[in-house]
Amino acid sequence: MDNNKHYDVIVIGGGITGAGVARDCAMRGLSVLLLERFDYTNGATGRNHGLLHSGARYAVTDRESATECIEENMILRKIARHCVEETDGLFITLPEDDLDYQKTFVEACHASGIRADIIDPAEARAIEPSVNPDLIGAVRVPDAAVDPFRLTVANVMDACLHGAESLTYHEVTGLIVNQNRVDGVKVRDHRTGEEKEFRASVTINAAGIWGMLIAQMAGVTVNMFPARGALLIFGHRVNQMVINRCRKPANADILVPDDTVCVIGTTSDRIPIETVDDMRVTDDEVRLLLAEGEKLAPSLATTRILRAYAGVRPLVAADNDPSGRSISRGIVCLDHETRDGLAGFITITGGKMMTYRLMAQITTDMACAKLGNNRPCETADIPLPGSEKPKSGNAQRSFAFNAAEGRHGTMTSKISMESDADKALVCECEGVSVGEIKYVVENQHVHNLLNLRRRSRVGMGTCQGKLCACRAAALLGRFNNNIPKAQEDLAEFLDERWKGMKPVAWGSTLREAQLTATVYQGLCGLDKAITRKEGSK
Amino acid sequence: MKFDTIIMGGGLSGLTCGIALARTGKRVAIVAGGQNTLHFFGGSFELLGNVDGADVTNPLEAISSLDQQHPYSKMGHEQVAQLAEQAKSLLGDAGIKTSGDSARNHYRITPLGVTKPAWLTLDGLATTDRPDSLPWKKVALINLESFIDYPIDFVVEGLRALNTTVEMPTVTLECIKRARRSATEMRATNLAKVFTNTRNVAQLAEAINAVAGDVDAVLMPAVVGIDNEDASDILKAQVEKPMYFLPTLPPSVSGVRINAALRHYFQMLGGRFLLGDTVDKATLEGDRVTRVNTAKLQDTPLEADQYVLATGSFMSKGLVSNFERVYEPLLDLDTNAPKEHAQWSQFGLMGDQPFMSYGVMTDEHFRPLKDGKPLSNVYAIGQVLGGHNPLTLGDGTGVSLLTALAVAQNILDQK
């Protein structure tokens, strides 16, 4: 990479917003550099429900968000069809809820342009057998499931296909400011320890909650309120449709089916900015999620909990309100030139994963205006790589092919499935083959097992990487030609999985943990393999 | 049905105890659920491998430094030494040939190529006397093409760290390709079935001889012969260089073989082995169990004078936990687990996890406690016992073997 190159745009943050901005900018012909401090989707993007909101949840309380949601929902079904599973959703009323709210809810949905059909509770039980049988009301809405990992990587891939450059494990450590203008960024390459500088006409801060700290580096203030949300993943897919409570939005009232598992969430707690990197889930959060989750689908009480995780929403105070009393969930795009007299710097924040494309469009429009570029936005019309055509629907194909096609859409044709060796399954829970691992390592910025998991779902299924982790680590070590690092990776990966299991370590989760430790620590001596390496350094 | 002793659990400890009793003419029944932790066997039995994070040289000596709650502490030094010899000879009688010395650990080589202290290693597997070197200057580690269950690059890395030159020649065989066709069939035990056929073994030997080159020893993953050592003996005879096997990731071929050998020996001695069944109810009258019921023999209770609990730890369901507590599911025996689940584990998976040491509490005769008092005709052996962490101490299989023999002795001493 040429450090002297001058970019039109530098985008800070490899979450869905940054990836979307990079794609939009690149499609309008701008030269783009995307910088991510760890891996893509490491922040809130990778730590939510994976819910493609219909907007129904916001219809009563926030009409603007609801309308944005349903519009983007319909766009994403088209441009990101390989990332979306069209499940539909139910808003159920339980005996302790007010059935009158249902009417208000349906009217608000219709006013926002969201399809909302009241159905008989018996019909709801027939189409979604896992739902609480005590329900007294149900509304069917166009909710769906979306894979944030796939969606983000597809945006990055398309940005790169349009000439953008992208660097992971590059953390912005400072902004280059000259006479009231941001000229670029100082970064640290976490893989080499190298310090670098990159320059651009416009620097876009799309770093989620961490954007508050980026803004501070430029000497400007953006008031954010970190709102932490914890979620639980269950060991299998209990429900086939999204299940919500038909009441004012509250804690733990959404259950989303995601691939082979399902996710309940979220809690919502304001936390201090200093704690946003501590994503460990507390016992109280787990208790609350379990208690509320069982009300949506009683069988959750007896379903194994795979893991617990938490993310931080970047809520933003409405501008010019330093007290932070009026907080918006809406999109906030700040031109620091007009706001703070600091040219060449834009912050995009607020909003939600659902509206990332619209956020990117607004931001890119602002950047283009500064750069004198007047090409229109095309991101709502041109499909992402993988979604150019509908899925093949060829039932003759193997389990691994179908699983890969679910993950990579039309890009699956680039996965080698010819030889028996390439067809061999690495991860049996999720149907990940050797060929698919080769493909993501070569095409999707995979440096370690964590990256590999997010690109392919290796180790995300029922076994949580018990046996597949070692197979995957060995393959990765071979493809990247670095065996010692692959062993360290394996230990880190198991520890990372354990972080999510520890808060729910009882029942079969504790059993599985004992099994994993028995294999890797007892049988294999992985802990010793790592220390041996450190000792020889 | 009436027996002298009923053993609940057919893993290493249950089978060992059953054999020790059946050898004296006792009528013994073992109720065995099926799979057990021998499937994770690393090729070696461990008596005591580590104390305070350091490798143990002499396990018998190091036992004195163990906690009072440790099962070995309940036996005392002398009994541990005596039972260790008894265990080795019992294994030998069952046809499991091992080498090793309870007063001096050697080292096994793990499926990641790491050395770990060991007490008895199955004959035929590679071992070394030192933690930091191998007995060979140059070896060939045979790579079976696309055997992705064996992390061979890691093993090569590990062996090279032991000051040995390692070649990794690849062997491609038609019979492996056939196994390869099903994407999930490339497990160690599947290959061991392929390499039970003598024609396939001969092909393998020929291929190894063609690629081995000028080395001191040929090593390969332990995937030859599923039932017994016949196939690996044939292979070793046909390979021109000295040849040794290395343990694999689960399922462990040698573990499967040990399991089968112990079971056959037990049955040969007249023991009743109820496979695929589990005891789901034990009737307690006062401090005595009077009968047990199994899942399959619903209406036919099993009765015995003595009952042995060999049901294993959490992963074997001998211990169960939920949001509220850790418990022993059959008799709700006293355990050493604290109430609050937040205390059961800690971050850092491969640290000293508290839950690894949980289990039932017993008196000095391994009679489990219920409400603080020992049951009079029940014993607990193996991993269902609390008071030791087999992963940090490297004592899991040793505790299983020795507590099984100690309890057999206690039962025999009673009459």
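1. A word on terms before we start: two residues are in contact here when they have heavy atoms within 4.5 Å of each other. By that criterion, 56 residues of chain B touch 52 residues of chain A. Please keep in mind throughout that this is a predicted model.

2. Staying with the two chains, I would look next at the area they share. Chain B and chain A bury about 4,900 Å² between them, and carbon and sulfur atoms account for 66% of that area.

3. Five salt bridges are found across the interface of chain B and chain A.

4. Which elements of chain B supply at least two residues each to the side that touches chain A? They are strand 8 (115-118), helix 5 (152-160), helix 6 (174-180) and helix 11 (390-393) of chain B. Helix 5 of chain B gives the most, with five residues. By residue type, the side of chain B that touches chain A divides into 26 nonpolar, 18 polar and twelve charged.

5. Now to the inside of chain A, which is divided into three parts: domain 1 (6-44 + 149-223 + 321-371), domain 2 (84-145 + 225-315) and domain 3 (399-536). If you colour by domain, note that domain 1 of chain A is made of the segments 6-44, 149-223 and 321-371. The centres of domain 1 and domain 2 of chain A, taken over C-alpha atoms, are 31 Å apart.

6. How do domain 1 and domain 2 of chain A meet, in terms of residues in contact? On the domain 1 side there are 16 such residues, and on the domain 2 side eleven. Together domain 1 and domain 2 of chain A bury about 1,200 Å², with 66% of it on carbon and sulfur atoms.

7. Two salt bridges are found across the interface of domain 1 and domain 2 of chain A. R150(A) forms a salt bridge with D259(A), with 3.0 Å between the closest N and O atoms.

8. On the side of domain 1 of chain A that touches domain 2, helix 7 (211-217), strand 19 (327-328) and strand 21 (345-350) each supply at least two residues. The residues of that side comprise six nonpolar, seven polar and three charged.

Terms used:
Residues are numbered from 1 along each chain as its sequence is written. Chains are lettered from A and ligands numbered from 1 in the order in which they are written. This is a predicted model: local features need pLDDT of at least 70, side-chain atom pairs count only at pLDDT 80 or more; totals for chains, interfaces and linings use all residues. Side-chain values use heavy atoms; hydrogens and water are left out. Domain bounds come from an automatic or database domain assignment. Buried area is the accessible area (1.4 Å probe) that two parts lose on being put together, summed over both. A salt bridge is a side-chain nitrogen of Lys or Arg within 4 Å of a carboxyl oxygen of Asp or Glu. Helices (H or I, at least four residues) and strands (E, at least two) are DSSP runs, numbered from the N terminus. Ala, Val, Leu, Ile, Met, Phe, Trp, Tyr, Cys and Pro count as nonpolar, Asp, Glu, Lys and Arg as charged, and the others, Gly among them, as polar.
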